[in-house]
Amino acid sequence: MLHGTDASGTTPETVTLDMPGLSPSNFLVQVANGSTTLSYGTGEHEIVACYCPGTLIETQHGAQAIEKLAIGDEVVTASGALRPIKWIGRRSYAGRFILGRKDVLPVCIRKSALDANVPARDLWISPHHAMFLDGLLIEARHLVNGVSIVQAEQVEEVEYFHIELDTHDVIVADGALSETFVDDDSRGMFHNAHEFASLYPDALKLPARYYAPRLGEGFEVEAVRQRIALRAGLASSREPTRLGELRGAIDVVDARRVAGWAQNADHPEAPVCLDILADGRLLGQVLANNYREDLEHAGIGSGCHAFVFALPADIALALDTVEVRRSLDGEPLQHALARRAAAA
């Protein structure tokens, strides 16, 4: 049942719908100039962030299909800790009503698209659902490449489930790190949203706090996309010469920082994104776009090619294992002493 009012705002009108796969939340009733209009959706893209049925979630009893989970079950988080499920949201759409809806149609992250055996099987999620990659939350829609990560063009029906913990976190879904639900004014999209109010009548409405930075663009996201493309064997990613020769050097590696400079020979004024690794483990990324007077005096472009990366103080590192690599293709940056020795 959907309810509206007439143009005077006083006389109630009721519309009864019998349309499988839809609920009143799929529609908007608008009254203007003496007439009532019933429309599908809200005119805005829906923010749908969920898992499809069959997704295996790691729990205290091993991997369990998401549709089999219940409130109180404990799931494994990225930290390895077990946390109980507070609520599970459910939503379904009939396929004929979401034709062409890129904001709703599910995305498939194919087996091993992200890393070796990650995910361990094809993972189907909604386009706004975020994966946890390189310390970032990146929505599936920003990862679609048409090969290893694809979006369905049409479905007969799609059903979505989402898991909520006491706070936003990252769990293991089909072997990949993936977000839980966070109420950023989106709980109403679920057909069973009313259940939360019944279960937790005294719950306070708090601002959404994300587990990690949530990004949709920028060099960090592009670095992740390029790495996924390389794994997929995309033609554009098999041609490292297109990136241009990597120039530069690591000038300093000490307990506090890694510093140096980097430049793309073919695009000398384009900032270079670099991965900082220690013993093969990614510590973070940095953009080589700081100004250094000595670089400009040496004729190295505008001089805006330097970088400084602060090493984490709470992690014990073997400094001789620190590496700097170009994010787009993994090309290593030489240490200054090694570069000078090679030139001699």
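1. In this predicted model, 61% of the contacts in the protein chain between residues at least 6 apart in sequence join residues at least 24 apart. The chain holds 4 helices and 24 strands.

2. Of the 344 residues in the protein chain, 42% are buried. The accessible surface of the chain is about 17,700 Å², and carbon and sulfur atoms account for 51% of that area.

3. The largest nonpolar core contains 29 residues. Within this core, the residues with the most contacts are Ile 57, Ile 109, Leu 114, Met 131, Leu 143, Ile 149 and Ile 163. At least two core residues come from each of β10 (107-109), β11 (123-125), β12 (130-133), β13 (136-139), β15 (157-164), β16 (170-173) and α2 (219-232). The element that gives the most is α2, with 3 residues.

4. Ile 57 deserves a separate entry. Leaving out residues up to four places away in sequence, Ile 57 touches Tyr 51, Gly 62, Ala 63, Gln 64, Ile 66, Leu 69, Val 75, Ile 163, Ile 171, Val 172 and Ala 173. One of these partners, Ile 163, is also listed among the core residues with the most contacts.

5. The largest pocket has a volume of about 440 Å³. Its lining consists of 19 residues, and those nearest the pocket centre are Glu 164, Asp 166, Asp 183, Leu 204 and Leu 206. By class, the lining divides into 10 nonpolar, 7 charged and 2 polar residues.

6. Pro 119 sits in the loop between β10 and β11.

7. Asp 174 is not a glycine, yet has a positive phi of about 50°. This residue belongs to the loop between β16 and β17 (176-179). Is Asp 174 buried or exposed? Its relative accessibility is 3%, so Asp 174 counts as buried, the cut-off being under 20%.

8. Asp 279 likewise has a positive phi, of about 55°, without being a glycine. The loop that holds Asp 279 runs between β20 (272-278) and β21 (281-288). With a relative accessible area of 66%, Asp 279 is exposed, whereas Asp 174 is buried.

Note on methods. Residues are numbered from 1 along each chain as its sequence is written. This is a predicted model: local features need pLDDT of at least 70, side-chain atom pairs count only at pLDDT 80 or more; totals for chains, interfaces and linings use all residues. Side-chain values use heavy atoms; hydrogens and water are left out. Buried means under 20% relative accessible area, exposed over 50%, partly exposed in between (1.4 Å probe, protein chains only). Contact means heavy atoms within 4.5 Å. Accessible areas come from the Shrake-Rupley method with a 1.4 Å probe; for residues, only the protein chains shown count as cover. On a 1 Å grid over the protein atoms alone, a cavity is a set of points where a 1.4 Å probe fits but cannot get out, and a pocket is an open set with protein on both sides within 12 Å along at least five of seven lines; lining residues have an atom within 4 Å of a point. Grid points are joined across faces, edges and corners, and a volume is the space filled by probe spheres set on the points. Ala, Val, Leu, Ile, Met, Phe, Trp, Tyr, Cys and Pro count as nonpolar, Asp, Glu, Lys and Arg as charged, and the others, Gly among them, as polar. A nonpolar core is a set of buried Ala, Val, Leu, Ile, Met, Phe, Trp, Tyr and Cys residues joined through side-chain atoms within 4.5 Å.
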